[in-house]
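Here is a short briefing on a ligand and the pocket around it. Have the structure open as you read.

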Amino acid sequence: MDEVTISKAIVESYFKELLAATELDVAIAGAGPSGMTAGYYLAKAGAKVAIFERRLSVGGGMWGGGMMFNRIVVQGEAKGILDELGIGSKEYQPGYYVVDAVEAVATMCSQAIKAGARIFNLISVDDVMVREDDRIVGLVLNWSAVTLANLHIDPLGVKAKMVIDATGHDAEVCRIVSKKTSTGVEMKGEKSMWAEVGEKTIVENTKEVCPGLIVAGMAANAVFGAPRMGAIFGGMLLSGKKAAGLALKGLKGRK
Ligand code: 48F
């Protein structure tokens, strides 16, 4: 294979996927644990779903476990998701499991892709598209390199019937929506660490915050003013699964 053939293979196959992602059932911002779990369940249910991740690597805050000790804790309520994805776990004490963070990210990513979710790394969500009825109808994207280099280059937009904000602590999509639209979304801001409360509220706070926009993972607690929880991840997985269910319901409502 010569260099031109290699170049053509890359350009053709990448842009075919990107073109297909310009009209989606569900667009997810952020490929952390909540975004990838949502992507997996949506793809498994047959939705056309893409995840846009700003960084080179997927996995968000999960790779490093707690303080760079690459283990995470998952509670019993989310053990079924670990088992379904094929992520190994060891019971530490009744109801709490220890998981290798690297295995968790790698397996979750692989399962989401195998289920049919498309993951685009190195692409940042810059803005949303909104219509008269205050419905969020898509994401505005730019290459992360453009943002990092602070270049003034206009972005592109992709349409989606439902959008999920899974951007973590900064809840970037909801923050933009709260500032730039009249949807009524408000950012209360994340509170200091309280694992037990944070884990419970994160699932409750996983909601459709305005028509077409669902918030999941740590972003959900950031929007609704609930605590952070540290390296316990059951809530992230359950939140991602709940977000997928809400998005599927939203899709049905729009058919
Ligand atoms: O931060 P992140 O892992 O969010 P999460 O799924 O999980 C939170 C936990 O990792 C941890 C925690 C556990 O107790 O609190 O922090 O809620 O993943 C968010 C991903 O979104 C990407 C970011 O690089 C990360 O990989 N991201 C953030 N903003 C953007 C983005 C953006 N504007 N465009 C694209 N990706």
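What is the volume of the largest pocket? The answer is about 710 Å³, with grid points joined across faces, edges and corners and the volume taken as the space filled by probe spheres set on the points. This is a predicted model, where local features need pLDDT of at least 70, side-chain atom pairs count only at pLDDT 80 or more, and totals for chains, interfaces and linings use all residues. Residues are numbered from 1 along each chain as its sequence is written, and side-chain values use heavy atoms, leaving out hydrogens and water.

**The pocket**
- A pocket here is an open set of points on a 1 Å grid over the protein atoms alone, where a 1.4 Å probe fits, with protein on both sides within 12 Å along at least five of seven lines; lining residues have an atom within 4 Å of a point.
- The lining numbers 31 residues, and Gly60, Gly61, Thr167, Gly168 and His169 are those nearest the centre.
- By class, the lining has 14 nonpolar, 11 polar and six charged residues.
- Strand 7 contributes the most to this lining, three residues.

**The ligand's surroundings**
- The ligand takes up the space of the largest pocket.
- Around the ligand are 27 residues, counted when a heavy atom lies within 4 Å; Ser34, Glu53, Gly61, Met218 and Gly230 come nearest.
- Their classes are 12 nonpolar, 11 polar and four charged.

**Polar contacts (pairs of N or O atoms within 3.5 Å)**
- A polar backbone atom of Met218 is 2.8 Å from a ligand oxygen atom.
- In the side chain of Arg55, an N or O atom lies 3.2 Å from an oxygen atom of the ligand.
- Pro33 places a backbone N or O atom 3.4 Å from a ligand oxygen atom.
- The protein covers 94% of the 730 Å² of accessible area that the ligand has on its own, by the Shrake-Rupley method with a 1.4 Å probe.

Conventions. A polar contact is a pair of N or O atoms within 3.5 Å; within protein, one must be able to donate a hydrogen and the other to accept it, and residues adjacent in sequence count only if both atoms are side-chain atoms. A molecule sits in a cavity or pocket if more than half of its atoms lie within 2 Å of its grid points. Ala, Val, Leu, Ile, Met, Phe, Trp, Tyr, Cys and Pro count as nonpolar, Asp, Glu, Lys and Arg as charged, and the others, Gly among them, as polar. Helices (H or I, at least four residues) and strands (E, at least two) are DSSP runs, numbered from the N terminus.
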